[in-house]
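The sequence and the model are shown below for reference.

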Amino acid sequence: MDTELEKAIIGHLAVGFERELFNAAIKNLDDTNVLNLNNFAYAIRELVRNFLERLAPNGQVEGAPWYTEVRNANNQVTISRVQRMEYAIHGWLSNEFLKNVLKLDITDTITDLKKSIDKMSKYTHISPETFNLPEPQKKREALEMLNNLMRFLMDIEECKSRVHKTIIEDFKTNIDEMFTIATFDDIDILSTHSSIKSFGIQNIILKELGSIINIEVLGFVRTRLQIGSDGDVRRDDGYVTHLDFPFKASCEANIQNTMGRIIYGEPYIRIDTNSFYE
């Protein structure tokens with residue numbers, strides 16, 4: 001098998017049971033037993049089931065704004081495998097937000113993984129068609145299952161990455177607007193006429209706390225400080241200087257809400273002007 005693929009998959013699994021089950025499934029392929037592919041498929045199917053139940057617990061899926069009831073063959077309300085896959089990738093965020101804002105289409109990934117799980121189930125129900133297949137075919141089938149699983153895991157990471165990128169870009173825009181239209185008392189008191197001419201960002205930190213992502217931005221503002229009126233400046237009775245001051249901006253982004261999109265809290269900006277008085 002592809003050892004790099006195996007390493008990539010295991011890196012996405014929880015330490016302990018999930019990784020141990022995956023390693024045990026892979027060992028089945030090295031077994032000379034004619035049921036090696038059947039055992040592998042069964043183990044990987046159960047791994048995916050446990051993985052999805054961890055990432056998409058019942059209560060969370062049922063609370064998502066895009067969730068709709070699905071009934072099984074016994075007319076009982078259930079959570080479908082596809083719904084768990086969707087939740088594992090984008091949580092409460094709506095499919096519309098996923099496509100229109102994050103520009104992420106997960107249709108093929110969901111379809112292929114579902115087909116792969118169905119195939120795993122087929123090998124679990126042993127029949128002449130699934131028993132003791134030629135070794136090259138076994139390897140092809142196993143590799144396809146793992147590739148589809150890997151694509152699914154990568155879509156989870158890609159969605160998370162795009163959510164973070166969207167939050168960062170949105171917050172940059174909010175900061176730009178605030179520096180353009182807001183007034184800051186700490187800057188205003190420094191001179192007769194004070195203004196912020198530009199700003200720069202040095203670091204952006206995102207901290208995930210469940211459904212809330214804390215955003216913290218560290219940077220600097222370049223200010224224009226004018227002592228006296230314009231006439232005073234022309235007569236050399238006043239002067240103009242440009243000084244840089246560090247700032248810290250923060251905000252919260254809620255990614256688990258009934259709107260199915262990212263909702264931002266009130267942004268906060270503090271400019272540190274202590275160096276002016278030193």
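## Cysteines

At a relative accessibility of 2%, Cys159 counts as buried, a class that means under 20% relative accessible area, with exposed meaning over 50% and partly exposed lying in between (1.4 Å probe, protein chains only). Cys251 likewise counts as buried, at 6% relative accessibility. The structure is a predicted model, in which local features need pLDDT of at least 70 and side-chain atom pairs count only at pLDDT 80 or more, while totals for chains, interfaces and linings use all residues. Residues are numbered from 1 along each chain as its sequence is written, and side-chain values use heavy atoms, with hydrogens and water left out.

A search of the whole structure finds zero disulfides, a disulfide being a pair of cysteine sulfur atoms within 2.5 Å. Cys159 is in no disulfide, and the nearest cysteine sulfur to its own, that of Cys251, is 19 Å away.

## Pockets

Rolling a probe the size of a water molecule over the atoms shows where empty space is left. On a 1 Å grid over the protein atoms alone, a cavity is a set of points where a 1.4 Å probe fits but cannot get out, whereas a pocket is an open set with protein on both sides within 12 Å along at least five of seven lines; lining residues have an atom within 4 Å of a point. Grid points are joined across faces, edges and corners, and a volume is the space filled by probe spheres set on the points.

The largest pocket holds about 600 Å³ of space. Its lining consists of 24 residues, and Ala88, Ile89, Lys160, Glu208 and Ile255 lie nearest the centre. Helix H3 (36–55), helix H5 (81–90) and helix H8 (135–181) each supply at least two residues of this lining; helices (H or I, at least four residues) and strands (E, at least two) are DSSP runs, numbered from the N terminus. H8 provides the largest share, seven residues.

The second largest pocket has a volume of about 170 Å³. Among the residues that line it are Arg45, Glu46, Arg49, Arg81 and Ile117. H3 and H5 each supply at least two residues of this lining, and H3 gives the most, with six residues.

The table sets out the two linings by class.

Ala88, one of the residues nearest the centre of the largest pocket, has its place in helix H5. This residue is buried, with a relative accessible area of 11%. The C-alpha atoms of Ala88 and Glu157 are separated by 10 Å, although the two residues are 69 apart along the chain.

## Aromatic contacts

A pair of aromatic rings is described by the distance of the centres and the angle of the planes. Rings of Phe, Tyr and Trp (its six-membered ring) pair if their centres lie within 6.5 Å; planes under 30 degrees apart count as stacked, over 60 as edge-to-face and the rest as tilted. How many aromatic pairs does a search of the whole structure find? The search finds six.

Phe179 and Phe184 form a tilted pair, at 5.5 Å centre to centre and 45 degrees between the planes. Both Phe179 and Phe184 are buried. The rings of Phe179 and Phe199 have centres 5.2 Å apart and planes at 45 degrees, so this pair is also tilted. Because Phe179 lies in helix H8 and Phe199 in strand E3 (residues 193–209), the pair ties together parts that are 20 residues apart in sequence. Phe179 has a relative accessible area of 7%, whereas Phe199, at 25%, counts as partly exposed. Phe179, Phe184, Phe199 and Phe247 form one aromatic cluster.

A further contact involves a charge and a ring. The charged end of Lys122 sits over the ring of Tyr123, 5.1 Å from its centre; the criterion is that NZ of Lys or CZ of Arg is within 6 Å of the ring centre and within 35 degrees of the ring normal.

## Positive phi angles

Lys103 is not a glycine, yet it has a positive phi of about 55 degrees. Lys103 is placed in the loop between helix H6 (95–100) and helix H7 (107–124), and is exposed, with a relative accessible area of 57%. Asn132, also not a glycine, has a positive phi of about 55 degrees. Asn132 is found in the loop between H7 and H8 and is partly exposed, with a relative accessible area of 42%.
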